[in-house]
Amino acid sequence: MPDARTRILSRLRAAPPSPLPDLPDWTAPVYEPAARLDRFRAMFEAMKAEVHDVDAATWPQRLRTLLDNRGVRTLLHGDGSPVAAQLAAAWSGDDQAPALVAYDRAVEDLKDDLVHRIDAGITWASAGIAETGSVVLWPTAREPRLMSLLPPIHIALVEEDTIHDTLADLMVRQGWALRMPTNVVVVSGPSKTADIEQTLAFGVHGPKELIILVIRKQLNAG
Amino acid sequence: MSAESKASGGDGHMGHVTVTNFAGRAHVALNDKPLRANFRRAMDGLMTKRAAQFPDAADLARLRARGAAIKERALARLPELLEQLETRCTANGIKVHWAETTGDANRIVLDIFRSHGVRTVVKGKSMVSEEMHLNAFLGEHGIEAVESDLGEYIIQLAGEMPSHIVMPCIHKNKGQIGQLFSEHIEGQRYTEDVDELTAAARRVMRAKFAEADAGISGVNFAVAETGTLVLIENEGNGRMSTTLPPLHVAVMGIEKLVETLDDIPPLLALLPRSATGQPITTYVNMITSPRKPGEKDGPQEVHLVLLDNGRTRVYADLELRETLRCIRCGACMNHCPVYARVGGHTYDAVYPGPIGKILTPQIAGLDVAEDLPHASSLCNACVEVCPVKIPIADILVRLRREAVRPSASQAVKGGGHGWTLSEASAWAGWKILNAHPALYRMGTGVLATLGNLIPSSLPPLKAWTGVRAKPKFARKTLHQLARDKGFDDA
């Protein structure tokens with residue numbers, strides 16, 4: 001007796017063929033370079049995310065203030081990432097700074113802290129998307145998937161010139177189809193729900209707050 | 001969605017009322033004022049928000065044409081794409097299983113769980129798992145499956161079925177939810193504060209996520225080209241269910257395929273905007289493999305269960321096949337004047353509203369779906385908003401026809417089940433009357449003089465007059481009026 005797979009496929013193959021239509025033209029929106037960051041910011045802010053302009057050298061100080069305002073005591077970062085090095089250098093000798101915790105072992109050995117104790121997590125975003133106000137997280141062994149999900153606050157660092165117009169544009173330019181990783185997530189705000197009477201509530205399972213730090217190329221000059 | 005599950009679902013979510021057809025249940029729902037208020041408010045909000053997302057009609061037309069063509073192409077190439085998906089997934093380390101029936105799918109999931117010693121499971125929202133009645137099945141076999149989507153969690157506490165495919169607890173208000181939480185969540189006081197209720201659910205679910213042995217999810221789109229499963233959501237519970245536990249099982253209908261990764265952006269531009277009027281969901285989660293060596297999290301194993309459950313039968317009919325384009329946005333129900341008034345439970349089916357009215361009779365059979373194809377005024381609102389242009393009204397009419405006079409199509413199950421002697425005789429009489437002018441004149445003449453004497457309580461009329469005023473016959477027939485005006489050939 002043939003198996004389920006064979007039977008399903010043979011039933012589908014026995015069905016009458018339907019025509020294969022061409023894909024009609026559709027183009028995703030295109031933004032003026034000058035308007036791109038504005039759109040990115042406006043869309044994120046409409047989703048209750050915060051967007052801050054920072055520069056590559058001094059963002060840890062800015063982050064320090066943002067975290068202090070929220071009473072953050074522990075910050076999770078990737079293990080051995082440039083972010084970690086920069087944070088450690090900037091906050092060294094500062095007793096009041098949030099404790100830095102590296103995601104340096106498998107989740108099984110870190111689960112309790114991750115699920116219940118860490119206040120915030122910081123990751124790189126591999127790109128930004130202007131149309132929808134989104135960051136693309138491309139988790140790696142160094143910056144695992146749960147960093148951006150379990151802590152109540154997620155901070156994403158994104159470089160200004162990685163902000164693309166649309167997801168469609170980004171996928172093609174970066175050739176995603178040939179190099180899909182274990183997981184890639186497009187994030188467009190903090191975790192939210194409207195399941196109770198269409199009323200928006202944030203942080204239902206994932207981060208209650210999303211803070212985007214945009215590393216500007218010429219912040220001081222501009 | 002077998003006959004037996006339908007019967008067991010029937011009294012579960014209709015409270016004390018046992019009514020076996022849509023028309024009967026609709027009467028009950030129409031008199032339920034809180035229910036009608038809950039739906040009216042929600043549907044009005046959703047329609048307004050969707051409209052605001054598509055300000056330009058020409059843009060929307062182009063996008064819908066693209067969305068429809070993407071799904072049409074995927075269906076035209078379905079068997080080869082399924083094989084391609086299997087090849088790619090397998091190469092990526094995802095184990096692929098095939099199931100012809102919901103029973104087979106349930107057993108596949110159970111076998112995977114048993115071989116891993118799974119006791120508790122967290123679930124992301126999945127309509128296919130509702131189709132399978134998977135939670136109940138696992139429960140019977142000693143495995144606790146907890147819904148983690150807030151809406152699904154609420155109806156699981158209430159022991160109900162989803163009343164909407166995107167917003168499952170849309171029929172409930174915060175008072176009812178506050179009551180449920182105070183009864184079921186330890187230490188939770190009664191409150192109508194939405195933030196507090198949400199925080200309570202977060203607390204409960206955190207612990208569940210951490211202890212779960214496995215996660216279950218649905219799939220919004222599976223990309224044949226790359227073997228990628230695309231899941232969209234706002235809450236993050238889907239990401240939790242597919243990342244934190246060591247084992248992830250995804251279930252999907254075989255029609256959820258697309259050819260290439262490039263097909264995803266236009267579908268993402270359609271789905272959340274059509275569904276909830278959001279420009280995009282908070283998370284678009286693309287899963288291509290289990291945890292790789294050196295990676296620190298993610299499930300060690302990922303399984304994908306491909307479910308047929310009648311879809312290959314529907315596929316065999318070119319007209320009905322268009323139903324399989326559905327991307328489950330729910331816009332058809334949000335815009336349906338019938339759904340908005342009676343709510344999702346009245347349909348007594350996993351998929352309510354317009355898409356349910358065509359999907360349920362096709363998957364479960366016209367004998368099981370009873371009068372569902374008639375639960376429509378054919379106003380076409382659903383057809384106008386469908387992001388993939390499914391001709392829902394045409395398919396409804398086709399199913400109504402099949403219900404009384406089955407065609408040769410093998411795609412329809414239970415055809416002819418809707419045939420009744422009284423309806424057939426009425427139409428036979430109508431045909432004779434209209435084909436014989438003398439008889440017609442006599443008939444209308446009799447009705448003009450005696451029609452108003454027929455009591456509205458007469459049994460054959462009662463089904464109609466029970467909820468409507470009996471129309472008054474004019475004293476003169478149209479033919480008589482025409483002759484009075486001087487048309488002598490009338």
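This is a predicted model: local features need pLDDT of at least 70, side-chain atom pairs count only at pLDDT 80 or more; totals for chains, interfaces and linings use all residues.
Two strands are taken to pair if DSSP finds at least two bridges between them. On that basis, β4(A) pairs with strand β7 (residues 153–159) of chain A, the two running parallel and joined by 5 bridges. Within the pair, A:I122 has A:I155 in β7(A) as its bridge partner.

On its other pairing, β4(A) meets strand β2 (residues 74–78) of chain A, again in the parallel sense, over 2 bridges. Here A:L76 has A:G121 of β4(A) as its bridge partner. Strand β4 covers residues 120–124 of chain A, and 5 of these 5 residues are buried, so the strand is largely enclosed by the rest of the structure. In a regular strand the side chains alternate between the two faces of the sheet. The strand β4(A) shows this arrangement residue by residue: A:A120, A:I122 and A:W124 point one way, A:G121 and A:T123 point the other way, and all are buried.

These strands belong to an open sheet of 6 strands in chain A, with the order β1-β12-β7-β4-β2-β3 and parallel pairing. At the edges stand β1 (50–55) and β3 (99–103) of chain A; each has a single partner strand, so one side of each is left without a neighbour in the sheet. Neighbouring strands of the sheet are turned against each other by 25 degrees on average, direction ignored.

Chain A has 6 helices and 12 strands, and its C-alpha trace spans about 70 × 50 × 40 Å along the principal axes. Of its 222 residues, 47% count as buried. Among the contacts in chain A with a separation of 6 or more, 75% are between residues 24 or more positions apart.

Turning to chain B, the assignment divides this chain into domain 1 (1–76 + 326–419), domain 2 (96–309) and domain 3 (421–484). The centres of domain 1 and domain 3 of chain B, taken over C-alpha atoms, are separated by 33 Å. In chain B, strand β10 (residues 301–307) has 6 of its 7 residues buried, so it is largely enclosed by the rest of the structure. Strand β1 (residues 94–99) of chain B runs parallel to β10(B), with 6 bridges joining the two, and B:V96 stands opposite B:L304 of β10(B). A further parallel pairing links β10(B) to strand β7 (residues 247–253) of chain B over 7 bridges. There, B:M252 stands opposite B:L306 of β10(B).

In soluble globular proteins, nonpolar side chains tend to be buried together. The largest nonpolar core of the model holds 203 residues, of which A:I212, B:V251 and B:V305 touch the most other members. Helix α13 (residues 264–276) of chain B gives the most to this core, with 7 residues. Domain 1 (1–76 + 326–419) and domain 2 (96–309) of chain B each supply at least three residues to the core. Leaving aside residues up to four places away in sequence, A:I212 touches A:F44, A:A49, A:E50, A:V51, A:V135, A:A156 and A:V158.

Finally, there is the contact between the two chains, which takes 62 residues from chain A and 80 residues from chain B. On the chain A side, α1 (4–14), α5 (111–117), α6 (167–173), β9 (183–187) and β10 (192–193) each supply at least two residues. The largest share of this side comes from α1(A), with 8 residues. By class, the side of chain A that touches chain B has 36 nonpolar, 15 polar and 11 charged residues. Strand pairing also crosses between the chains: β9(A) and strand β9 (residues 283–287) of chain B run antiparallel and are joined by 5 bridges. Within this pair, A:N183 has B:I287 in β9(B) as its bridge partner.

Methods:
Residues are numbered from 1 along each chain as its sequence is written. Chains are lettered from A and ligands numbered from 1 in the order in which they are written. Two residues are in contact if their C-beta atoms, placed from the backbone, lie within 7 Å. Helices (H or I, at least four residues) and strands (E, at least two) are DSSP runs, numbered from the N terminus. Ala, Val, Leu, Ile, Met, Phe, Trp, Tyr, Cys and Pro count as nonpolar, Asp, Glu, Lys and Arg as charged, and the others, Gly among them, as polar. A residue is buried if 20 or more other C-beta atoms lie within 10 Å of its own, exposed if 12 or fewer, and partly exposed in between; C-beta atoms are placed from the backbone. Domain bounds come from an automatic or database domain assignment. A nonpolar core is a set of buried Ala, Val, Leu, Ile, Met, Phe, Trp, Tyr and Cys residues joined through C-beta atoms within 7 Å. Axes are lines fitted to C-alpha atoms, for helices over the stretch in contact, and angles run from 0 to 180 degrees between N-to-C directions.
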